[in-house]
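Please have your viewer ready.

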Amino acid sequence: MIIVLSSLATPENLEHLTGLLKQRGLDAHLSKGVETTIVGAVGALSSTEDKEAFMGQLETLPYVESVMPVSKPYKLVSKQFHPERTVIDVGGVRIGDPTKVILMAGPCTVETPEQLREAAKAVKASGAHILRGGAYKPSTSPYSFHGHGLPALKMLAEARKEFGMPVITEVMDVRDVETVSQYADILQIGTRNMANFTLLKEVGDSKMPVLLKRGMAALYEEFLLAAEYIAARGNYKIILCERGVRTFEKYTRNTFDINAIPAWKELSHLPIIADPSHATGRASLVPGVSKAAIAAGADGLIIEVHPRPSEALKDGAQSLNPAEFQKLVDELEPIAQAVGRTIK
Ligand code: PEP
Ligand code: MN
């Protein structure tokens with residue numbers, strides 16, 4: 001349920017309310033908006049009557065304006081809990097800012113310090129805000145390359161320092177969350193781990209910004225419940241990412257679900273990033289899907305860029321070269337402006 005506080009509510013009132021919720025085994029999550037303060041009470045009450053009686057009791061409190069049940073199974077990530085859009089500040093980059101398009105770009109995989117430097121230099125020069133690069137790589141085959149791990153994290157941290165860009169990288173294992181958090185600014189949860197609930201709880205506890213990719217066959221509700229796992233641990237710095245889903249089409253690696261962007265905006269307050277690289281699997285299709293995503297209202301893009309895609313250890317076919325990335329950024333700006341945003 002959500003409890004809307006009166007504008008006159010004091011910190012003592014809030015403490016009182018939190019205590020009442022705790023007695024019932026409920027956790028209190030605070031959503032402070034410009035106009036209203038909302039408390040989300042999450043957890044299970046024993047029965048519907050119990051819930052109704054408790055809601056009635058809370059409504060009589062002088063500092064409570066209203067009490068409402070949340071109809072959706074996900075609560076904290078829902079629009080009801082936080083009517084304003086969430087903006088996540090990562091080292092000065094505002095993800096979710098309605099006037100900005102945020103570009104995350106870089107290689108699928110960190111290969112060598114030189115490769116990463118070249119990629120970082122190029123994407124920064126073209127206007128990217130955040131550097132991406134995989135250190136721990138999920139692979140469908142156990143015999144494929146799995147990333148350089150810790151040495152790659154160190155290369156990312158070096159590039160972050162040299163180019164002054166926050167970095168995003170994937171974490172796949174609960175045992176690595178602490179280490180990855182020391183080197184990265186955003187933790188990425190890949191499509192294959194969207195429903196790894198132990199990992200979701202761990203990144204929730206880390207309180208790091210998290211980019212959560214939709215499972216390749218996940219329903220919106222399943223996806224938003226995965227985000228709820230992170231939020232339920234008190235970490236609201238969650239970025240939703242559409243990266244394409246499995247369909248019967250084989251020409252493309254996946255199918256970009258454009259519906260997801262306006263739908264998630266309707267259902268949730270969290271920022272939305274589109275990944276046209278994994279959605280299409282083809283560099284030639286990345287610009288078109290990028291433009292569609294921004295026109296549909298995405299808050300930004302995550303794009304694979306490699307200095308020489310033909311030499312990439314992973315995902316070369318879907319990686320743009322620096323010139324292609326520059327061209328895309330130039331073409332995106334007028335589309336961003338048409339929807340009230342800018343890349344700069
Ligand atoms: C990636 O970003 O390189 C990646 C493996 O993405 P996904 O989890 O969407 O396949
Ligand atoms: Mn990749």
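Which residues in α3 meet which residues in α11? On the α3 side they are Ala122, Val123, Ala125 and Ser126, and on the α11 side Pro322, Phe325, Gln326 and Val329, where contact means heavy atoms within 4.5 Å. The residues of this contact divide into six nonpolar, two polar and no charged; here Ala, Val, Leu, Ile, Met, Phe, Trp, Tyr, Cys and Pro count as nonpolar, Asp, Glu, Lys and Arg as charged, and the others, Gly among them, as polar.

Before going further, a word on the ground rules. This is a predicted model, in which local features need pLDDT of at least 70 and side-chain atom pairs count only at pLDDT 80 or more, while totals for chains, interfaces and linings use all residues. Residues are numbered from 1 along each chain as its sequence is written, chains are lettered from A and ligands numbered from 1 in the order in which they are written, and side-chain values use heavy atoms, with hydrogens and water left out.

Back to the helices (H or I DSSP runs of at least four residues, numbered from the N terminus; strands are E runs of at least two). The axes of α3 and α11, the latter spanning residues 322-338, come within 9 Å and cross at roughly 20°; axes are lines fitted to C-alpha atoms, for helices over the stretch in contact, and angles run from 0 to 180 degrees between N-to-C directions. That crossing makes α3 roughly parallel to α11, a label for angles under 35 degrees. α3 passes α11 in a right-handed crossing, meaning that the near helix is turned clockwise from the far one by less than a right angle.

Now turn to α4 (residues 150-163), whose axis comes within 10 Å of that of α3 and crosses at roughly 35°. This crossing is right-handed. Pro113, Leu116, Arg117, Ala120, Lys121 and Lys124 of α3 make the contact with Met155, Leu156, Ala159, Glu162 and Phe163 of α4. Those residues divide into seven nonpolar, no polar and four charged.

Proline 113 belongs to α3, which covers residues 113-126. Is proline 113 buried, partly exposed or exposed? Its relative accessibility is 41%, so proline 113 counts as partly exposed (buried is under 20% relative accessible area, exposed over 50%, partly exposed in between, with a 1.4 Å probe and protein chains only).

Finally, visit histidine 29 in strand β2 (residues 27-32). Histidine 29 counts as buried because its relative accessibility is 5%. Leaving aside neighbours within four places in sequence, its contacts include Ile38, Leu76, Phe81 and Tyr236. With the side chain of tyrosine 236, the histidine 29 side chain makes a polar contact at 2.6 Å (a pair of N or O atoms within 3.5 Å; within protein, one must be able to donate a hydrogen and the other to accept it, and residues adjacent in sequence count only if both atoms are side-chain atoms).

Key
Parallel < 35°, antiparallel > 145°, perpendicular 65-115°, else oblique.
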